[in-house]
Amino acid sequence: MSLQRMLTDNAFIENKNGERTGPFKTKFGPEKLVIFNEQLVVTENDVVIQPLPNGTEERFAITDVQFNSGIGRMQSHFSITVVKEAKQERENKVANNTTFHINNSNVQVGDGNIQNIVNAFEQLTQEIESSNSTPAEKEEAKGLLKSLISNPTVASVLGGAVSGLIGVM
């Protein structure tokens, strides 16, 4: 059986402008597919669309494209690495950490770093208490910190850690 006869799936390529080409014969694998078409125009960040028998489609973001010139009986082809769009969006969300730096401190706010900021605020509160400031100045400083962590944006970043922080202050 030739390799070409094993290509039982159809695929469309959609570029960043939403223009589709195809269908192209292929076989979808877990993360790769091969298309035997030397005229194919495809780049990373395009989308591969797989029509499903139930009339719906699955979309795959293209993360890598390799052109392989033929050798022997193997024809030239494109080897395309893909990831399901929903999975890529989750990975991008995790990878897209925002980091805030607070001067004179070792604090980072971002995914997985909530404990760092809780510890930093606790330490900052202790430093305020042990400072040479007047009781009124200490209360004002702690009030400003409470105001900061009570801010809706800051509270949403810190999540459940906010109530613990407010209790420390």
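Below is a short chat about this predicted model.

Q: What kind of model is this, and what pLDDT do local features need?
A: It's a predicted model, where local features need pLDDT of at least 70, side-chain atom pairs count only at pLDDT 80 or more, and totals for chains, interfaces and linings use all residues. Residues are numbered from 1 along each chain as its sequence is written, and side-chain values use heavy atoms, with hydrogens and water left out.

Q: OK, the core. Which residues touch the most other members of the largest nonpolar core?
A: Ile13, Leu40, Val42, Val48, Ile62 and Ile80, out of 15 residues in that core. A nonpolar core here is a set of buried Ala, Val, Leu, Ile, Met, Phe, Trp, Tyr and Cys residues joined through side-chain atoms within 4.5 Å. Buried means under 20% relative accessible area, exposed over 50%, and partly exposed in between (1.4 Å probe, protein chains only).

Q: And which elements give two or more residues to this core?
A: Strand 1 (9–14), strand 3 (32–35), strand 5 (57–68) and strand 6 (77–84). Helices (H or I, at least four residues) and strands (E, at least two) are DSSP runs, numbered from the N terminus.

Q: What does Ile13 touch, not counting residues up to four places away in sequence?
A: Its contacts (heavy atoms within 4.5 Å) include Phe24, Ile35, Leu40, Val42, Val48 and Ile62, and also Glu19, Arg20 and Asp46.

Q: Switching to charges: how many salt bridges does a search of the whole structure find?
A: Seven. A salt bridge is a side-chain nitrogen of Lys or Arg within 4 Å of a carboxyl oxygen of Asp or Glu.

Q: Which residue does Glu57 form a salt bridge with?
A: Arg20, with the closest N and O atoms 2.9 Å apart. Glu57 sits in strand 5 and Arg20 in strand 2 (residues 20–26), so the pair ties together parts that are 37 residues apart in sequence. Glu57 is partly exposed at a relative accessible area of 39%, and Arg20 is partly exposed, with a relative accessible area of 39%.

Q: Which residues are linked in a network of salt bridges?
A: Glu14, Arg20, Glu57, Arg59 and Glu85.

Q: What about Glu58, which residue is its salt bridge with?
A: Lys84, with the closest N and O atoms 3.1 Å apart. Since Glu58 is in strand 5 and Lys84 in strand 6, the pair ties together parts that are 26 residues apart in sequence.

Q: Over to helix 3. Which of its residues are buried?
A: Lys138, Lys142, Leu145 and Ile149. Down the axis of helix 3 they fall within an arc of 55°, so they line one face of the helix; the arc is that of the directions from the helix axis to the C-beta atoms. The face turned away from the buried side carries exposed Ala136, Glu140 and Leu144.

Q: Lys142 is a lysine on that list. What does it form a salt bridge with?
A: Glu129, the closest N and O atoms being 2.3 Å apart. That links distant parts of the chain, Lys142 in helix 3 and Glu129 in helix 2 (residues 114–129), 13 residues apart. Lys142 has a relative accessible area of 9%, while Glu129 is partly exposed at 37%.

Q: Last one: where does Ser76 lie?
A: In the loop between strand 5 and strand 6, and Ser76 is buried at 9% relative accessibility. The side chain of Ser76 makes a polar contact with the side chain of Glu38 (2.3 Å). A polar contact is a pair of N or O atoms within 3.5 Å; within protein, one must be able to donate a hydrogen and the other to accept it, and residues adjacent in sequence count only if both atoms are side-chain atoms.
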